[in-house]
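Biologist: I've just got this one open and want to talk through how it packs. Where shall we begin?

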Amino acid sequence: MNDEINYKNNPLHGVGLKQMLVELVGHYGFDILFAYLNINCFKTNPGIDASVKFLKKTTWAREKVEVFYLYQFKNLPKASSTQFALPPRDRIIPAHQAPGEPAVLSLEDADRLREKREKQATEHGKGPRSRQGNNGRHSGTGHSRNTTPSTTSSTTSSTTPDSRKIDPWAKARDKFE
């Protein structure tokens with residue numbers, strides 16, 4: 001196998017993570033990166049060195065930044081299904097494709113994109129809104145994470161029918177008392 005041929009058409013070959021971030025931040029800024037990628041290292045105390053440190057430790061975030069670099073900043077056409085299955089650093093682009101001008105991005109477009117993704121996720125039952133309610137496994141138990149401390153303390157000593165709606169362990173306590 002000839003490694004030279006494989007890396008010749010790899011757009012990330014020779015591009016370090018720090019260099020990639022410097023280019024992205026120089027062109028878009030941390031606000032746009034956070035709006036599109038939703039990675040907290042771009043919002044909370046943003047800095048190149050801190051972001052590099054986080055991204056080196058976190059594979060999913062690094063791959064998300066690399067995909068953004070390839071398809072938004074380098075404006076490459078979307079990867080084929082076989083290339084899409086590979087991590088961004090292992091993808092090879094066809095020889096006839098060349099990087100283009102960086103995409104023009106705005107915070108308003110990022111908001112619209114986020115809303116679109118949330119809508120699609122809720123339609124497929126995977127979004128944040130579908131996780132807030134019961135997820136089918138605990139239906140009818142009154143299971144809730146939003147119990148107040150006063151409600152919790154009153155239900156630990158009492159096993160009235162009303163407390164069973166709030167405390168899912170009330171039935172188990174009846175057996176041991």
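Modeller: With the angle words: under 35 degrees counts as roughly parallel, over 145 as roughly antiparallel, 65 to 115 as roughly perpendicular, and the rest as oblique. The model is predicted, so local features need pLDDT of at least 70 and side-chain atom pairs 80 or more, while totals for chains, interfaces and linings use all residues. Residues are numbered from 1 along each chain as its sequence is written, and side-chain values use heavy atoms, without hydrogens or water.

Biologist: OK, at what angle do helix 2 and helix 4 pack?

Modeller: Helix 2 (residues 17–27) and helix 4 (residues 48–57) pack at about 130 degrees, with axes 10 Å apart, and they are therefore oblique to each other. Helices are DSSP runs (H or I, at least four residues) numbered from the N terminus, and the angles, from 0 to 180 degrees, are taken between N-to-C directions of axes fitted to C-alpha atoms over the stretch in contact.

Biologist: Which residues make that contact?

Modeller: Helix 2 brings Leu17, Lys18, Leu21, Val22 and Val25, and helix 4 brings Ile48, Asp49, Ser51, Val52, Leu55 and Lys56, where contact means heavy atoms within 4.5 Å. Seven of these residues are nonpolar, one is polar and three are charged; Ala, Val, Leu, Ile, Met, Phe, Trp, Tyr, Cys and Pro count as nonpolar, Asp, Glu, Lys and Arg as charged, and the others, Gly among them, as polar.

Biologist: And how do the axes of helix 4 and helix 5 cross?

Modeller: Those axes come within 5 Å and cross at roughly 115 degrees, which makes helix 4 roughly perpendicular to helix 5. Phe54, Leu55, Lys56 and Lys57 of helix 4 touch Thr59, Ala61, Arg62 and Val65 of helix 5, a contact with four nonpolar, one polar and three charged residues.

Biologist: What about helix 2 against helix 5?

Modeller: Their axes come within 11 Å and cross at roughly 55 degrees, so helix 2 is oblique to helix 5. Leu17, Met20, Leu21, Glu23, Leu24 and His27 in helix 2 meet Arg62, Val65, Glu66, Phe68, Tyr69 and Phe73 in helix 5.

Biologist: Switching topic, how much space lies in the largest pocket?

Modeller: About 390 Å³, and of the 18 lining residues, Val67, Phe68, Tyr71, Lys78 and Arg117 are closest to the centre. A pocket is an open set of points on a 1 Å grid over the protein atoms alone where a 1.4 Å probe fits, with protein on both sides within 12 Å along at least five of seven lines, and lining residues have an atom within 4 Å of a point; points are joined across faces, edges and corners, and the volume is the space filled by probe spheres set on them.

Biologist: Which helix gives the most to that lining?

Modeller: Helix 5, with six residues.

How values were computed. Helices (H or I, at least four residues) and strands (E, at least two) are DSSP runs, numbered from the N terminus.
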